[in-house]
Structure formats: C-alpha cells, structure tokens
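Trainee: I would like to learn how to read a structure like this one. Can we go through it feature by feature?

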2 protein chains.
Amino acid sequence: MNGRLDVLGLGPGPREWMTIEAEAILARATDLVGYGPYIDRLPRRDGQTRHASDNRDEIARSRLALSLAAEGRDVVVVSGGDPGVFAMAAAIFEAVETGEPDWRALDIAVHPGVSAALAAAARLGAPLGHDFCIISLSDNLKPWSVIERRLRAAAEADFVMAFYNPASKARPQRIHDAFALLRQVKSGDTPVGFARAVGRPDEKLTLTTLAQADLSLVDMSTLVLVGSSETRGIDRADGGRWIYTPRSYGAGR
Amino acid sequence: MNGRLDVLGLGPGPREWMTIEAEAILARATDLVGYGPYIDRLPRRDGQTRHASDNRDEIARSRLALSLAAEGRDVVVVSGGDPGVFAMAAAIFEAVETGEPDWRALDIAVHPGVSAALAAAARLGAPLGHDFCIISLSDNLKPWSVIERRLRAAAEADFVMAFYNPASKARPQRIHDAFALLRQVKSGDTPVGFARAVGRPDEKLTLTTLAQADLSLVDMSTLVLVGSSETRGIDRADGGRWIYTPRSYGAGR
C-alpha cells in the first residue's frame, strides 16, 4: 500500500493566501477530494480526478479519500482556511480511528494554512496581538451549554475571541445569544470586528463595539472578532480605523 | 507621502510555509526590516536594503520601519509565523498610536501567514480541531497572575490550548508553573504535544500526557499543545501516533 493522503487548506480567500507548499502538493496529486466550492477554485489538470462533494458529510468524504489512498492513489483532501481548524483534518482522523485497520498504515500528512481568523485579524489591524480563543458557535456537533461555558470563561479571563460559524440559516439566533452573554460580562465599548468574505471580491469589514454591533450583518461567511479590555482603535488619516491589542497587558493605558 | 508598509510573516519554518502573497511582496520591497534571523532567511536582492536588528526592541524596529515608509520607501516588516500573533503587527500599531501624526496617513497593510500553532498541530495530527486558546507564557509584558487566570479559565472550560514562549533562559520556570496549575484542573492522561523547531531540519516532536510530560524538553523554540478532555490518540501502523480533537463534543466516546 503506497498511497498517500495530504490534507491541506486553500486559505480563506484568494490563491495568494495559499502556502507555496499547498500549491506544489495540489499540482502533483492524482485525486482531489473536497467540498465542491473549494474544488471549483482549483485549475483543472490532465490526469487528475476531482471528487467534489455537494454535501457537508465530512466523514463520508474522509472515507472516500482514505479508500482512494489505500488503492495507491496520491490523494489531496482540500479544506478552506487551515485544514486543522474546524475543517477536514479532524474528520480524516475520526474516519481513520473508526475505519479500516490498514488505513493506519497510510502516509497521511496535514499541511498548515492560513485560517480565517488570522486573515480577518490582518485586515482589521492586529486584534489577535495578545492571548486569544477561537470558538465555533455552531451547536451542530456540541451542546450550546458547552459554548456558553467557553464564552463566559473567555470573557471573564479577558481573552480576545474569534468566532467561526457565527450564524446559519438553520440557527440564526446563536450570534445573538453569544452577544447577550458577552454583554453581561464585558464592557459595551469593547471593539468588535466583522470580516465577511475576507479576501474575496465581496469582502466587507465592519468595526463596531460590543454594545452597538448590528448582528444582522453576521452570516456564515463572517468571522467575528471581539476584543479584550485592552483592544483599542487607532483613527487613520483617511477616516478609517485599525484595531489592535497591545503586546503589554495592563500597562495603565 | 506615498510610502507603504507591509507587515508579513514568513511562517514558522521552511520557505514553503510562506504564502504566495508574502513571497511576491518581499520581491518588490525597497526595504526589509526585521529581527536578524528572519532577515537572514531571505535571498539578497539588488536595490533592496536590509535593516536587520540584533535585539528584541520591537517598538524601535517599528519606528524605523514607519520612518522609512514616511520617506516614501516601500517597506516590508518581516515576522516569523503570522505577523498578527505575538509578533510585529501589534508593535507597528503601538508605534503608530504613540508616534508621528502623519504615520496615520501611511498605507499600512498586514498580510496573514501560518502561525506556529497551526504548523505544530498539523505535524501532530489535528489537535486544534475544536475550540482552542492561544496563550503566551511570557510574563515579560503581562503579569503572571493574568496568565494564571487564563490558564485556569481555559482548563475549566475544557479548551484545547497552545502555548507560545513557554520557557526562556531568563524564565525557565514558567512552563513548570503552568503545568502545575493545569495538573490541578485537568486529567493526567490529557494528551500533550511538544513541537520543537517545527518545520526546520532539527524539528523534534514529542507526544506525551499532562502527568508524564518531561518539561525539560521545552525551550523557546517549542510550541506546546495541551488537549481538551476529548483530545485522543490514534496508533499508527509504524509505531507512531497522531493526536486529534474530534469535531463533536461529548458524543459519549
């Protein structure tokens, strides 16, 4: 069994946010496996088979990829962003753990990429310049009580926070619930940023505060950043604004 | 004033972990500003001036970069990893906030990169597959009491954790203090990973547990990952092991 399986991320937006490594691995693969919209971003190549799935069943997709690798194919599993952050790498290992014993002999490698929180932060300034938490607000795969506990802990310990999956058509209420909780613990003037479709042509950046945030702007393509007590804004000469979190904590600013 | 300033990250290890964008921006800069070891990684180019600093004074380095941009130069500030995570982007904005008013008119852009935690996680499997916290254990710029509060909060809310700056020659004790605290709150069999010099020729990966971790292996080049209660190992056929955190929480495994 000489097949291999590489799990990589395309970054959150343009090709330019992919790593040099990811581009090279994509070029040599015999099979690409991934969610359709990610596969669609990639150039077609002769001799390369594209397995674009039209649904969200990551375990079925992982089992397909592992089966192809076990047949000796050179398989690349494609994620958005970084494959290790709320993406395909964990699904692959879940499928390995519960799947065919010989999948444990496969040459599986995960390759890091740019996760959406890092790109959103870069666009807004440097809000992740100090300790932070990354939380998915989807309660598809975990109880909402766990999310509440984590939000409260992160707020009380004054972490900067980045939220993935903040709202969906099926669960539009979750971002409202999260902000209601945070508003009990954190100051209303805490800087908040929304980065929608970051790096894409329809990118939309919004800087606001915890008290004033218009949550109707938040959809599944939005990365939500909530500052710590230290996160602050700087007015730019052009009327815009950056936000950043200083490297020092509690320096009496 | 037509100068511009781009802040970018080289990724944690090899050139291949840089983004395509970062490589293009580096090629067109007139001036490179950064800590010496990062500048040393970059090829020399005609017409490009290298300002390698031999110390850790990020604010002085930021002021130099902003001054050069204000003179109309095309300046790139180079960080390791991602520039927004415990790196130069926050220092640049701190220097803007406290510096010359006309620096606020500069065209400043931050460009995301691969942060060390993402690369370390990729090498070990997918430990960051669920909610996580990123914490710097350096008490150079914040009180240790803040770090303790965050460690406790992250442990009690069962986040996966990644630690930057876990130990230094001046402060070798900090990782010991952190683990002593975590051992009070979390199970001793919690998976722990050390990724030293990740992506470099002298990379060393260690998988252990919270109870058994040998902390003498941890130095400033080590990224420390501590699992949640859900993080688990899979034995590979070759005797190695992956760790990952499932996407579902509390599914009764």
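Mentor: Start with strand pairing. β1(A) pairs with strand β4 (residues 74–79) of chain A in the parallel sense, over 6 bridges. Keep in mind that this is a predicted model.

Trainee: Which residue stands opposite D6(A) in β4(A)?

Mentor: D6(A) faces V76(A) there.

Trainee: Which way do β1(A) and strand β5 (residues 107–110) of chain A run, parallel or antiparallel?

Mentor: They run parallel, joined by 4 bridges. Here R4(A) stands opposite D107(A).

Trainee: How many of the 6 residues of strand β1 (residues 4–9) of chain A are buried?

Mentor: Look at relative accessible area; under 20% counts as buried. In β1(A), 5 of the 6 residues are buried, so the strand is largely enclosed by the rest of the structure.

Trainee: Now the two chains. How many residues of chain A are in contact with chain B?

Mentor: Contacts come first. 70 residues of chain A touch 70 residues of chain B. Then take the area. The two chains bury about 6,300 Å² between them, with 61% of it on carbon and sulfur atoms.

Trainee: Which three residues supply more of the area that chain A buries against chain B than any other three?

Mentor: They are I20(A), R150(A) and R247(A), with 13% of that area.

Trainee: How many salt bridges and polar contacts cross the interface?

Mentor: There are 10 salt bridges across the interface of chain A and chain B. One of them joins the side chains of D131(A) and K142(B), at 2.4 Å from N to O.

Trainee: Which element gives the largest share of the side of chain A that touches chain B?

Mentor: Helix α4 (residues 88–98) of chain A does, with 7 residues. By class, that side of chain A has 39 nonpolar, 12 polar and 19 charged residues.

Trainee: Which strand of chain B is joined to strand β7 (residues 132–136) of chain A?

Mentor: Strand pairing can cross chains too. β7(A) is joined to β7(B) by 3 bridges, and the two run antiparallel. F132(A) stands opposite I134(B).

Trainee: Let us zoom in on one residue. Where does H130(B) lie?

Mentor: H130(B) sits in the loop between β6 (125–126) and β7 (132–136) of chain B. H130(B) counts as buried because its relative accessibility is 3%.

Trainee: What does the side chain of H130(B) make a polar contact with?

Mentor: The partner is the side chain of R150(A), at 3.2 Å. Leaving aside neighbours within four places in sequence, H130(B) is also in contact with residues including F86(A), K142(A), T245(B) and Y249(B).

Trainee: One last case. Is R196(B) buried or partly exposed?

Mentor: R196(B) is partly exposed, with a relative accessible area of 24%. R196(B) belongs to strand β9 (residues 191–196) of chain B. Its side chain makes a polar contact with the side chain of D219(B), at 2.7 Å.

Trainee: What separates the C-alpha atoms of R196(B) and M220(B)?

Mentor: A distance of 8.6 Å, for residues 24 apart along the chain.

Notes:
Residues numbered from 1 in each chain as written. Chains lettered and ligands numbered in written order. Predicted model: local features only at pLDDT ≥ 70, side-chain atom pairs only at ≥ 80, totals over all residues. Heavy atoms only, no water. Buried < 20%, exposed > 50% of the residue type's maximum accessible area, 1.4 Å probe, protein only. Polar contact = N/O pair within 3.5 Å; in protein donor to acceptor, adjacent residues only side chain to side chain. Contact = heavy atoms within 4.5 Å. Buried area = accessible area lost by both parts, 1.4 Å probe. Salt bridge = Lys/Arg side-chain N within 4 Å of Asp/Glu carboxyl O. Nonpolar A, V, L, I, M, F, W, Y, C, P; charged D, E, K, R; others polar. Pairing = 2+ DSSP bridges.
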